[in-house]
Amino acid sequence: MINADNLRFTRLPLANGAGAISALGFGTLIPDPIATKNATKAALEAGFRALDTAERYRTEKEVGEAMTEVFKAGKIKREEVFVATKLWNTNHRPERVKPAFEASLQKLQLDYLDLYLIHTPFAFQPGDVQDPRDVSGNVIYDRGVTLLDTWRAMEELVREGKCKAIGLSDIGLEKLKEIFEAATFKPAVVHVESHPYLPEWELLDYCRKNGIVFQAFAALGHSSEPNLLADPVITAIAHRVGKTPAQVALAWGIQRGSALLTTTKTPSRMAENFDVSTLPEDAMREINEGITSRVRFNAVVKTGVPGFIPRGK
């Protein structure tokens, strides 16, 4: 059995001197508002020091309330928690970026953000309807703005001082290269779906070479089929080292140099997910070489529509 070590406390430095992000983070895409608030508090109490939310998740208010209560209790300080949220697709026009950022900041009850991400590279029709559709049910895209236009507006937020770092989410390698090469403030984080069924080695390698933190969501497969945590390679390693399949998958992600997010409403599962330990090199090799299935659970990279969020929300 592997003894506890410091893997769970791994921190990854951000570009532009913007501090560091905890490799093991907690995601707040939880449908129920009360459950979101309770889960966020429980995650902080379990040891998580990186929180991820988004305008589109509609959880910023609850995350803000949870953080405020925890900070007021005095056991955890604001500066100890890395907070990230995301600009939604309907706010890609440069004049909409700062108001959207300030609205998120207000909901989160914060004076500054550690990280602001462009949620997807796709611009939707600007307005208050987050999921704009035509009469046929097709997404209405905004062809009048480029991703670089939006990025330039994001850079202004960094210059103004209320946003420490900016990054990109749900993006492919070619589009990332375009922004990286043109940017004044380089992307600090790239936030994409990744797990042993979708390792994204080429994207990870580019990020490592260019000082970008690669952050994985759906790191445990998001309870989707095929079930990553039932994979025979993962379960065999878990049995051998005395850890759960979830702990094995999370350790693999951190050890290969990525940050990651895990989401649950259950305190006992939070404690389990935080209790990761370093895997032996042979276990890492077995996962890298022995798992050949390739599955993407969320098609957001093709449409800009997050597949884990129900239509109409």
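**Entry 1: strands and the barrel**

I begin with the rule for pairing, by which two strands pair if DSSP finds at least two bridges between them. I also note that helices (H or I, at least four residues) and strands (E, at least two) are DSSP runs, numbered from the N terminus. I am working on a predicted model, in which local features need pLDDT of at least 70 and side-chain atom pairs count only at pLDDT 80 or more, while totals for chains, interfaces and linings use all residues. Residues are numbered from 1 along each chain as its sequence is written, and side-chain values use heavy atoms, with hydrogens and water left out.

I looked up how strand β9 (residues 213-217) meets strand β10 (residues 259-262), and I found that the two run parallel and are joined by 2 bridges. Within this pairing, Q215 has A259 of β10 as its bridge partner, and A216 has L260. I then turned to strand β3 (residues 24-27), which also runs parallel to β10 and is joined to β10 by 3 bridges; here F26 stands opposite T262.

Stepping back, I traced the order β3-β4-β5-β6-β7-β8-β9-β10, in which 8 strands close into a barrel with parallel pairing. Neighbouring strands of this sheet are turned by 25 degrees against each other on average, direction ignored, where the axes are lines fitted to C-alpha atoms (for helices over the stretch in contact) and angles run from 0 to 180 degrees between N-to-C directions.

Which way do the residues of β10 point, and are they buried or exposed? A259 and L261 point one way, L260 and T262 point the other way, and all are buried. For this I use relative accessible area, with buried under 20%, exposed over 50% and partly exposed in between (1.4 Å probe, protein chains only).

**Entry 2: helix α4**

I checked the length of helix α4 (residues 147-160), which has 14 residues and reaches 20 Å from its first C-alpha to its last, close to the 20 Å expected at 1.5 Å a residue. The expected span is 1.5 Å times one less than the number of residues in the helix.

I listed its buried residues as L147, T150, W151, A153, M154, E155, L157 and V158. They pack against β5 (82-87), α3 (94-108), β6 (115-118), β7 (166-169) and α5 (173-182), with contact taken as heavy atoms within 4.5 Å. Just after the helix, I saw that G161 takes a positive phi of about 95 degrees.

**Entry 3: cysteines**

How many disulfides does the structure hold? I found 0, using the rule that a disulfide is a pair of cysteine sulfur atoms within 2.5 Å.

**Entry 4: aromatic rings**

A pair of aromatic rings is described by the distance of the centres and the angle of the planes. Rings of Phe, Tyr and Trp (its six-membered ring) pair if their centres lie within 6.5 Å, and planes under 30 degrees apart count as stacked, over 60 as edge-to-face and the rest as tilted.

F101 is buried at a relative accessible area of 2%, and Y116 is buried at 0%.

I then looked at F180 and Y206, which form an edge-to-face pair at 6.0 Å centre to centre with 80 degrees between the planes. This pair also joins distant parts of the chain, F180 lying in helix α5 and Y206 in helix α6 (residues 201-209), 26 residues apart. Ring pairs link F9, F26, F48 and F274 into a cluster.

**Entry 5: backbone details in loops**

I noted a cis peptide bond between E225 and P226, with omega about 0 degrees; P226 sits in the loop between β9 and α7 (232-241).

Q109 is not a glycine, yet has a positive phi of about 60 degrees, and I place Q109 in the loop between α3 and β6, where at 46% relative accessibility Q109 counts as partly exposed. D170, which is not a glycine, has a positive phi of about 55 degrees; D170 lies in the loop between β7 and α5 and is buried at 4% relative accessibility.
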